[in-house]
Structure formats: structure tokens, C-alpha cells
Amino acid sequence: RVTQGMAEELIAALDGARRNPDILGCVLTGHGDVFCLGGDYQGAGPRISGRMEFGRAHIDLFDTMARFGKPLVAALNGNAHAGGFAVMIACDLAFAEEGATFGLPEIAHGLFPLLALAVVRDALPKKALFDIVYNARLLSGDEARALHLVNEVVPRGAAVARAVAAVEAASRGNPDILGIGRDLYYAMRGLSP
């Protein structure tokens, strides 16, 4: 689970990688057989101020991911649920290992995916989004691929290598032009022509 501290550490790491000209891109993956099962909202404590700081850290993370300026690829070594699903969506590309599931199951726990909606709403048609949310339905890798949420479903243990290869392929051109184009894409989301 992503804690506030972990989100802040990831922000610092991505900011450092963005400023380092020797780093061509970044691959995000999980540990073991899970990519990420969401945010640790209970760790934020019972006070509104703690939960607001928890939320701020996650929104700042999504903003940092959008401003990264380099290829940012998810290597989905396992399930990506709730906030983990949003982190996957916030990446430019995603490669999922067979057997992984994806979704926003918060409603099954009496919650609503408020933070995840900041990113996920632009990635899914409204009917598909609310079907997943209202039914706490988890998608298979093939379903996620059909919805263009992941680029490929790869064998177990192959996601990181495939994601690294994708970063290397995307980084073959001029890094300044790549950064301008990527930043422009994220800056234009939700704007009219």
C-alpha cells in the first residue's frame, strides 16, 4: 500500500530522475507478486487534517508523474487495485504479467475511489468506469488490454524486462523533443482545441 511517506519519496525520486540527463526514463513496479493494492488511507489517522495531507501527497504524486518529461512505464508484476490502478493509469505505458487483475474495488469496503478518479476518469469511458466502480469489478489482463489500459500481457516474470525495453525504444530520439511532446500531452488533457 502507498503511504503518504512513500508517495512523498516517490515524488522526490521522480523529480531527481527528471533533472538527471543521464536517466532516460523510469519503470515503476511492485515487490513480489503485487504491483500495488492502493493507498494506506487508514495510516493517515482519524483526523481530517491527516487525511487531507494523505490526499495531497497522492495528488502531488500524480502531478509529478504527469510532469516527468520522460517515458514512465508500469511493469505490472501483479494486481493493481485502487490507488495502484491509478498509478498504473498515470504511467505512459503498462505491461501486465499474466494473472494480474486491475480495478477500483473500494465500494466493496464502504469507500469510493475519490483520489483515483483524478487520473482514471480520463482513461475509461464513463459506462466502463462506473461498471468497474459500482460493482467493485476486477479486470483481467486481457480485459484491461481491450480497454487500452495496458499495452501487453506478458508471461510471469517478464514485465520489468518488457518495460525497460519500452523505455529504451522511446528514448532513442532527441530527449528534449520527447520531453516537450510528453509535457504538452499532459498539459492539454481536458482542454478544448
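Partly exposed here means a relative accessible area between the buried limit of under 20% and the exposed limit of over 50%. Keep that in mind for the close-ups below, which come from a predicted model.

**View 1. Aspartate 63 pairs up with arginine 67.** The two side chains meet in a salt bridge, 3.0 Å from N to O. Aspartate 63 has a relative accessible area of 40%, so it counts as partly exposed. Arginine 67 is partly exposed too, at 37%.

**View 2. Aspartate 60 meets arginine 56 on helix α2.** This salt bridge spans 2.8 Å, N to O. The two residues are about one helical turn apart, because they sit four residues from each other in helix α2 (residues 48-66). Both ends are partly exposed: aspartate 60 has a relative accessible area of 30%, and arginine 56 comes in at 31%.

**View 3. Glutamate 143 reaches arginine 137.** Glutamate 143 belongs to helix α6, which runs over residues 141-146. Its salt bridge with arginine 137 has the closest N and O atoms 3.0 Å apart. Glutamate 143 is partly exposed at 33% relative accessible area, and arginine 137 is partly exposed at 29%. Elsewhere in the model, salt bridges with shared partners tie Glu8, Glu53, Arg56 and Asp60 into one network.

View 4. Phenylalanine 102 lies 41 residues away along the chain, yet its C-alpha atom is 9.1 Å from that of glutamate 143. For the overall tally, the structure holds 11 salt bridges.

Terms used. Residues numbered from 1 in each chain as written. Predicted model: local features only at pLDDT ≥ 70, side-chain atom pairs only at ≥ 80, totals over all residues. Heavy atoms only, no water. Salt bridge = Lys/Arg side-chain N within 4 Å of Asp/Glu carboxyl O. Buried < 20%, exposed > 50% of the residue type's maximum accessible area, 1.4 Å probe, protein only.
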